[in-house]
Amino acid sequence: MFIAQIITLYPDMFPGPLGQSLAGRALREERWRCDAIQLRDFATDRHRSVDDTPAGGGAGMVLRADVLARAVDHAAAMAPGLPVLALTPRGAPLTQDRVRQLAAGPGVTLLCGRFEGFDERLFEGRAVEPVSIGDYVLSGGEMGALVLLDACVRLLPGVMGAASSGDDESFEQGLLEYPHYTRPFEWEGRTIPEVLRSGDHARIAAWRKSMAETDTRLRRPDLWERHEGARVQPPSGAR
Ligand code: ADE
């Protein structure tokens, strides 16, 4: 079973939306486990403080390294060997590759930040990987943790069935997926591409490939550049 441990000040946010739909069914089927851990339980002072003012001054509060480390150590004792990820906009962008690796492993321990972030020494004192779910700022890491878990859980064996096996999915080939259509084939005067009704599987595959490439080039020039860079190797000896 895939183990998700979430260290947070808001344990009631879990499993939250992941108790519904596909992930919810998988949870009930014990394909994964969702253990929320209250960070405040690892405070040691009378006020149960988990944060303090930023050294050097400035706005907000910073989560304390000592409190975080005690929580991480507790989580590791409960489920040894899980990779520990901290959700922060300062992290490396989460990718489908990393999600696939995580989903293939025993589980994850996720640290959710609030306030201004984590005392940086946490990343020196413990093996914690900072990850971001995108270039925007959330009010805390909890939503990021839910996103990361959703992406992992759908890849667990038996969760998605046939729908997840597609090599066609967005990012599987380093490209966005091609566009989809369904009935009614005419809607508000709009039809669907003729090729999709042709029954010619080779033509359909070629059309889909071409659309995936065009849409990736237009919408995600960053992905397209990487894709082309990986595909087009310079001829040997060229310079
Ligand atoms: N916490 C706040 N913003 C975040 C982001 N973009 N990704 C992950 N965690 C966050």
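1. Two strands count as paired here if DSSP finds at least two bridges between them. In this predicted model, strand E5 and strand E6 (residues 107-112) run parallel and are joined by four bridges. Within this pair, leucine 85 stands opposite leucine 110 of E6.

2. The pair belongs to an open sheet of five strands, ordered E2-E1-E6-E5-E8, with parallel pairing. Strand E2 (32-38) and strand E8 (128-132) stand at the edges; each has a single partner strand, so one side of each is left without a neighbour in the sheet. From one strand to the next, the twist averages 35°.

3. Helix H2 (residues 65-78) lies across strands E1 (2-8), E2, E5, E6 and E8. Relative to E1, helix H2 runs at about 160°.

4. Strand E5 (residues 84-93) also matters for reading the ligand site: three residues of the shell around the ligand come from this strand, the largest share. The residues around the ligand are Leu87, Thr88, Pro89, Gly113, Ser132, Ile133, Gly134, Tyr136, Val137, Leu138, Gly141 and Gly144. By class, six residues of the shell are nonpolar and six are polar, while none is charged.

5. As to the chain as a whole, the domain assignment divides the protein into domain 1 (2-161) and domain 2 (166-231). The centres of domain 1 and domain 2, taken over C-alpha atoms, are separated by 34 Å.

Terms used
Residues are numbered from 1 along each chain as its sequence is written. This is a predicted model: local features need pLDDT of at least 70, side-chain atom pairs count only at pLDDT 80 or more; totals for chains, interfaces and linings use all residues. Domain bounds come from an automatic or database domain assignment. A residue is near a molecule or strand if its C-beta atom, placed from the backbone, lies within 6 Å of it. Helices (H or I, at least four residues) and strands (E, at least two) are DSSP runs, numbered from the N terminus. Ala, Val, Leu, Ile, Met, Phe, Trp, Tyr, Cys and Pro count as nonpolar, Asp, Glu, Lys and Arg as charged, and the others, Gly among them, as polar. Axes are lines fitted to C-alpha atoms, for helices over the stretch in contact, and angles run from 0 to 180 degrees between N-to-C directions. Two residues are in contact if their C-beta atoms, placed from the backbone, lie within 7 Å.
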